Amino acid sequence: MRGLLKGLAYTLKNMKQEKITYNYPEEPVPMPERFRGIQKFYPEKCIVCNQCVNVCPTDCISLTGKKHPDPDQKRKIIDTYDINFEICILCDLCTEVCPTEAIVMTNNFELASYSRDDLFKNLEWLDENETNVREEN
Amino acid sequence: MLRTEEMLLNVGPQHPSTHGVFRLVIKIDGEIIKEATPVIGYLHRGTEKLAEDLTYTQIIPYTDRMDYLAAMTNNYVLCHAVETMMGVELPDYAEYLRVLAMELGRIASHLVWFGTYLLDIGAVSPFLYAFRERERIINLLNELSGGRLTFNYMRVGGVKWDAPGGWFDRVQEFVPYMREQLAGYHDLVGGNEIFLSRVKGVGVYSQETALQYSLSGANLRCTGVDWDLRKHEPYSLYERFDFKVITGETGDAWDRFKCRMGEIEESLKIIEQTFDQMPAEGKTMAKVPRMIKAPPGEAYVRIESPRGEIGCYINSDGKKEPYRMKFRRPSFYNLQILPKLLEGENMANLITILGGVDIVLGEVDG
Amino acid sequence: MTDKDKSQETDSVHKDGGDHSESERQQRDHEADKPSSGPPDKQDSQNENAATDSENPNKPQTPHPTEETNPKKATEKPVSSEKSPPDDKPKRKSSPSSKSAPEKTEEEPSYNQPLLDQYLSIIEKDLGSMALEAAYINRLSKHVPTLVAHDHTYFQVAKLLRYHPALSFNYLSELHGTDLKTHMEVYLHLHSFEHHHSLALKVKIERDNPELETVTSLWEGANWPECEAYDLLGIHFINHPNLKRIFLGEEWEGYPLRKDYEAYDEEV
């Protein structure tokens with residue numbers, strides 16, 4: 001009986017404590033700076049080096065390059081860039097290898113959707129995903 | 001004497017007390033379990049097969065998903081195996097960061113166990129308290145690594161990030177807070193007669209049985225075997241820390257409870273000592289080649305995860321992918337004893353015993 | 001990563017990743033994820049080597065029996081001469097170009113050498129000098145003494161390791177199988193709680209019809225791991241109490257961890 005009362009006392013003590021739950025869908029949950037969310041892509045920075053494609057453990061990135069419009073420039077520029085968020089595990093390796101930081105993480109993580117097709121994000125979408133971009137990559 | 005008939009009962013694969021997809025086919029005669037057959041494999045993702053096609057760095061995120069309640073130790077065991085083969089010496093600073101992260105993960109993992117175990121037995125409030133504390137740890141690890149559960153924090157040769165500004169202070173603040181809460185937990189359930197009568201003398205096995213069934217972690221220590229790889233086969237920097245190996249005596253569910261709660265306290269001690277010993281700053285990565293290649297050969301290393309002895313076997317042919325990779329997953333080994341423990345037990349004890357083993361299905365199925 | 005590295009890397013990728021169409025590229029990426037990626041020609045030559053080496057599987061069986069009589073000699077020699085390609089690491093390890101310090105392998109014996117000698121003398125006394133195929137210290141794996149048994153002596157050796165008072169390896173830490181293309185291998189990591197020693201026991205078995213005596217009678221804990229090896233590699237454990245396909249289910253075709261396994265549905 002004593003043990004039960006002791007437990008009850010602990011519960012009562014905790015009733016006075018501050019609330020620690022989040023009112024989540026109404027108020028966004030702040031994520032720390034380093035949080036790995038949906039990627040942001042800068043097409044102008046990309047040098048089509050393919051490193052992110054090669055390092056991706058789930059093979060969810062596909063990209064193509066095209067010739068630079070200026071014929072004097074030898075380097076290529078990015079043409080299409082797609083990430084399949086059905087299988088992306090947001091592991092951070094693509095942003096880690098990117099030599100020009102063309103692909104970086106953001107703090108946005110809400111990917112739920114009614115259709116799987118929505119999870120296939122292309123270059124434009126990733127380019128426009130420019131809120132909460134992570135600074136350190 | 002009432003005549004009873006045997007009945008076949010399916011527990012799971014979707015059952016709240018199994019905390020994952022685990023199926024148990026039990027033959028019951030009235031309230032007594034005659035035979036229990038665990039059916040596993042619902043969460044088998046073929047990590048080992050996948051690993052054969054991936055570079056060592058790429059495997060790290062996959063290890064996060066095995067024991068998803070203590071992903072840091074999984075990260076560590078893979079990196080440790082590769083580092084052992086390559087002969088890489090880590091900078092102290094990086095090792096201290098790893099130890100901090102692993103011990104925080106250990107506490108978080110035991111808190112989940114504590115909360116859900118009591119929830120299964122029928123106490124709801126401890127679950128809420130345990131998850132409140134765990135949320136703080138998860139937030140700390142999130143700040144450190146950028147992930148709440150799947151950290152992907154360690155790399156072969158070090159860690160990905162240095163600690164962010166003010167992080168050490170927040171961890172240091174957390175330690176006394178956790179101590180206070182831990183004392184509260186003991187008030188809350190440690191003396192609770194209902195809880196005690198549910199766990200004392202339930203699921204007893206002897207030392208010999210535990211060893212025979214290859215149990216590890218708290219499941220082994222509860223029988224009185226003084227065995228903790230951090231202490232007895234020191235890896236990382238664990239030699240430098242002063243901590244006790246918590247052992248039980250009788251090998252029942254109550255001893256397993258005490259072992260795990262004691263380990264939280266020991267982990268807190270290790271975290272405190274880390275701050276005393278840790279250099280103020282240092283390198284987070286050792287010098288490793290850009291493309292990690294383990295030398296040809298094989299290696300098996302094992303470390304202490306919250307659930308027991310987690311091991312990693314690598315057979316390398318010198319390429320950047322392992323030729324064969326195998327994880328010794330403690331939950332898989334620990335679960336083997338379940339049919340033996342359940343035999344002849346009362347139906348109501350099923351949850352107590354299953355919960356006491358502390359399994360994570362992602363790890364059981366690999 | 002230094003800037004130099006980056007620019008080099010990007011340059012090289014430029015050259016080979018240049019003008020492919022998207023589909024071609026995706027295909028290439030798929031290939032890059034298969035076991036041996038890297039420059040295609042290099043990879044091919046490696047495979048060729050492996051193939052030529054593996055063509056004489058008789059090689060492992062010839063030399064050792066004489067060496068076993070002298071344990072010390074056996075520890076150094078057999079590994080360097082009698083292994084088939086995927087696991088002939090000690091040989092390559094001792095070559096000066098490789099990573100693990102060569103002077104260590106050459107000169108000072110491992111700190112676990114006396115232990116290994118002790119095990120060997122016990123095994124030789126009880127089971128004769130032919131019981132083991134090889135014995136050596138695996139320096140890559142924290143200097144663990146490693147014994148390689150024949151498939152017909154495997155159970156005898158395991159039993160001795162389990163029950164001999166000076167050995168008493170009463171804890172099975174790990175059991176798994178490996179497909180080495182020319183043969184299968186079962187690896188056990190044992191631990192003795194009485195003497196606090198660890199040991200690795202390996203056994204090579206033929207690949208076409210892999211069969212091995214079960215050790216569940218010695219260590220109950222080997223039950224599920226053996227099921228796992230049966231499920232994923234098709235190694236049949238004789239006298240196992242309940243050998244089943246523990247993960248994939250009885251109706252699954254093929255053994256996924258075999259190197260020649262082909263997935264039924266490539267896309268998944």
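Student: Quick one on Asn50(A): buried or exposed?
Tutor: Asn50(A) counts as buried, at 1% relative accessibility. Buried means under 20% relative accessible area, exposed means over 50%, and partly exposed is in between, with a 1.4 Å probe and protein chains only.

Student: What should I know about the model and the numbering before going on?
Tutor: This is a predicted model, where local features need pLDDT of at least 70 and side-chain atom pairs count only at pLDDT 80 or more, while totals for chains, interfaces and linings use all residues. Residues are numbered from 1 along each chain as its sequence is written, chains are lettered from A and ligands numbered from 1 in the order in which they are written, and side-chain values use heavy atoms, with hydrogens and water left out.

Student: Back to Asn50(A), then. What's its phi near?
Tutor: Phi of Asn50(A) is near 75°, a positive value in a residue other than glycine. Most residues other than glycine have a negative phi. Val48(A) isn't a glycine either, and its phi is positive, at about 55°.

Student: And where do Asn50(A) and Val48(A) sit?
Tutor: Val48(A) is in the loop between β1 (39-41) and α2 (51-55) of chain A, and Asn50(A) is in the loop between β1 and α2 of chain A. Helices (H or I, at least four residues) and strands (E, at least two) are DSSP runs, numbered from the N terminus. Val48(A) is buried, with a relative accessible area of 6%.

Student: OK, sheets. What's the strand order of the open one in chain A?
Tutor: The order is β2-β3-β5, three strands with antiparallel pairing. The edge strands are β2 (61-67) and β5 (120-121), each pairing on one side only. Two strands pair if DSSP finds at least two bridges between them.

Student: How many bridges join β2(A) and β3(A)?
Tutor: Seven, with β3 of chain A covering residues 76-84. Leu63(A) stands opposite Tyr81(A) in β3(A).

Student: Which residues make up the nonpolar surface patch in chain A?
Tutor: Met1(A), Leu5(A), Leu8(A), Leu12(A) and Met15(A), with about 580 Å² of accessible area together. Areas come from Shrake-Rupley with a 1.4 Å probe, and for residues only the protein chains shown count as cover. Patches take residues with over 30% relative accessible area and no salt bridge, joining like charges within 9 Å and nonpolar side chains (Val, Leu, Ile, Met, Phe, Trp, Tyr) within 5 Å. Leu8(A) lies in helix α1 (residues 2-15) of chain A and is partly exposed at 48%. An α-helix has 3.6 residues a turn, so residues three or four places apart point the same way.

Student: New topic: how many salt bridges are there over all chains?
Tutor: The structure holds 43, a salt bridge being a side-chain nitrogen of Lys or Arg within 4 Å of a carboxyl oxygen of Asp or Glu. In chain B, Arg307(B) and Asp358(B) meet in one at 2.9 Å, N to O. Arg307(B) lies in the loop between β6 (297-305) and β7 (308-316) of chain B and Asp358(B) in the loop between α14 (349-357) and α15 (361-365), so the pair ties together parts 51 residues apart in sequence. Arg307(B) counts as buried at 1% relative accessibility, and Asp358(B) does at 5%.

Student: Which residues of chain B are linked in a salt-bridge network?
Tutor: Glu103(B), Arg106(B), Arg221(B), Asp228(B), Arg230(B), Glu263(B) and Glu304(B).

Student: What about the count between chain B and chain A?
Tutor: Four salt bridges. Glu96(A) and Lys160(B) form a salt bridge at 3.0 Å, N to O. Across the two chains, 36 residues of chain B are in contact with 31 of chain A, where contact means heavy atoms within 4.5 Å.

Student: How much area is buried between chain B and chain A?
Tutor: About 2,600 Å², of which carbon and sulfur atoms give 51%. Buried area is the accessible area (1.4 Å probe) that two parts lose on being put together, summed over both. On the chain B side, Gln58(B), Arg132(B) and Trp161(B) lose the most area to chain A, together 21% of what that side buries.

Student: Last one, chain C: why is helix α9 largely enclosed?
Tutor: Seven of the 10 residues of α9 (residues 154-163) are buried, so the rest of the structure largely encloses that helix. Among the buried ones are Tyr154(C), Phe155(C) and Arg162(C). In chain C, buried residues make up 51% of the 268 residues.
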